[in-house]
Amino acid sequence: MANKPRKAYRFSLMLSLLITIFVISVNAILLVVFTKETPFKQENILPFTLSFIVVFLVCFLIFRYHIENYIYLKIKHIYQDLEPNLSDELNDILITNDMDSLLNNVKQVALKRNVELDSLKDQAAFRREFLGNIAHELKTPLFTVQGYILTLLDGAMKDENVNKKYLSRASKGVERLIYIVKDLDLLTNLEKGNTELDLFYFNIVDLIQGVFDMLEMQASKSNINLEFDRKYEEPITVYADRERVQQVLTNLIMNSIKYGKKKGTTEVSIQPIYENKVIVRIRDNGEGIEEEHLPRLFERFYRVDKSGNRRMGGSGLGLSIVKHIIEAHGEQIFVESQAEIGSEFSFTLNRGKVTASA
Ligand SMILES: Nc1ncnc2c1ncn2[C@@H]1O[C@H](COP(=O)(O)OP(=O)(O)OP(=O)(O)O)[C@@H](O)[C@H]1O
Ligand SMILES: [Mg+2]
């Protein structure tokens with residue numbers, strides 16, 4: 001028993017004393033009844049004192065080593081049931097025959113269990129919601145594809161006027177499905193934390209220009225201008241995973257186009273901050289976001305205006321992916337936005353020491 005209980009010690013002492021007084025009193029009464037002698041006679045005092053000491057010691061030893069051990073073992077079993085993973089050493093420290101401490105410990109274990117239970121319930125609710133969202137997202141394109149294929153099978157295949165159109169619409173539905181599944185796959189990997197970053201030095205100005213070129217077609221459909229805030233003649237080298245940063249830029253610039261105004265502008269700036277960081281800002285003058293949505297914006301499947309976004313074909317995964325990638329780099333992402341005025345998404349990156357163009 002590593003932890004010698006103080007209260008139990010006192011308890012054994014008191015109980016032994018009471019039993020001894022009881023036994024000695026019974027002895028004294030029996031003496032009076034059977035021999036008519038008084039126990040306070042000179043020659044009776046020594047045997048009574050000796051009996052008192054012997055009975056007291058025997059009682060005390062019994063309580064101390066047998067009952068206490070018995071209680072200890074019982075409590076140990078309770079602890080082992082409550083905390084199966086507790087090491088034996090810690091178990092011994094926690095176990096005490098002191099009822100107050102025991103009660104306190106059991107309360108703490110119960111409290112911990114409640115917290116664990118709440119967190120498990122939250123996780124279960126989260127999983128349910130996540131699965132519901134996935135099913136919901138996949139349903140629309142799946143039904144579209146199914147609808148066109150069934151129509152084609154029902155005879156439209158022979159109609160030269162519509163067969164190609166229906167096939168291409170079915171193909172668009174499949175494309176959409178692939179897009180969602182790819183995003184989900186990427187997000188799941190990012191959340192599992194098993195995405196290894198391929199870090200090296202590259203010129204972020206070139207990368208942004210590349211994304212501008214790639215999204216030029218989409219931007220021009222809405223007459224949106226993609227531009228830098230100024231001319232960047234010198235390369236700005238950062239140390240990051242080039243492909244992942246490209247994904248971040250693509251998602252953010254794509255959003256600025258999707259939620260931008262016709263004839264609007266998306267402006268990207270790169271500024272050095274602190275000693276070894278740069279901050280990349282993507283600013284648009286589009287529809288903006290109401291303040292109440294900002295705290296939840298980076299959550300999976302979160303969309304501001306569900307009906308509006310459905311028209312745009314978004315599934316609400318883009319920003320969640322952006323956040324994970326930036327956080328995997330150990331960097332930060334910020335958003336500022338005002339409805340009807342525009343939005344600014346910005347993120348930091350590590351600046352490379354090498355200054356030559358990547
Ligand atoms: N630049 C922006 N201006 C206005 N609203 C924005 C902007 N960027 C994002 N949002 C809002 O935030 C929501 C979440 O964006 P996110 O990129 O995560 O999803 P999405 O664009 O709807 O779909 P996905 O990117 O997965 O195709 C969007 O639905 C939109 O309402
Ligand atoms: Mg998006």
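Modeller: Happy to. A word on terms first: a helix axis here is a line fitted to C-alpha atoms over the stretch in contact, and angles run from 0 to 180 degrees between N-to-C directions. Please keep in mind that this is a predicted model.

Let's begin with helix H6 (residues 204-221) and helix H7 (residues 242-258), whose axes come within 10 Å and cross at roughly 40°. That angle makes H6 oblique to H7, and the crossing is right-handed. On the H6 side, the residues that meet H7 are Ile204, Leu207, Ile208, Val211, Phe212, Met214, Leu215, Gln218 and Ala219. H7 answers with Arg242, Val245, Gln246, Leu249, Thr250, Ile253, Met254 and Ile257. By class, this contact has 13 nonpolar, three polar and one charged residues.

H7 also meets H9 (residues 318-328). The axes of H7 and H9 come within 9 Å and cross at roughly 145°, in a left-handed crossing. Here H7 brings Arg244, Gln247, Val248, Asn251, Leu252 and Asn255, while H9 brings Gly318, Leu319, Ile321, Val322, Ile325 and Ile326. Those residues divide into seven nonpolar, four polar and one charged.

H9 has a further partner in helix H5 (residues 163-192): their axes come within 10 Å and cross at roughly 35°, and this crossing is left-handed. Asp183, Leu186, Leu187, Leu190 and Glu191 of H5 meet Ser320, Ile321, His324 and Ile325 of H9. The contact comprises five nonpolar, two polar and two charged residues. The largest pocket holds about 1,300 Å³ of space. It is lined by 49 residues, and the closest to its centre are Tyr179, Met254, Asn255, Lys258 and Tyr259. The elements that give two or more residues to the lining are H5, H6, H7, helix H8 (306-312), H9 and strand S7 (342-350). By class, the lining has 18 nonpolar, 17 polar and 14 charged residues.

Methods:
Residues numbered from 1 in each chain as written. Chains lettered and ligands numbered in written order. Predicted model: local features only at pLDDT ≥ 70, side-chain atom pairs only at ≥ 80, totals over all residues. Heavy atoms only, no water. Helix = DSSP H or I, 4+ residues; strand = E, 2+ residues; numbered from the N terminus. Parallel < 35°, antiparallel > 145°, perpendicular 65-115°, else oblique. Left-handed = near helix turned anticlockwise from the far one by under 90°. Contact = heavy atoms within 4.5 Å. Nonpolar A, V, L, I, M, F, W, Y, C, P; charged D, E, K, R; others polar. 1 Å grid on protein atoms, 1.4 Å probe; cavity = no way out; pocket = protein on both sides within 12 Å on 5 of 7 lines; lining within 4 Å. Points joined across faces, edges and corners; volume = space filled by probe spheres on them.
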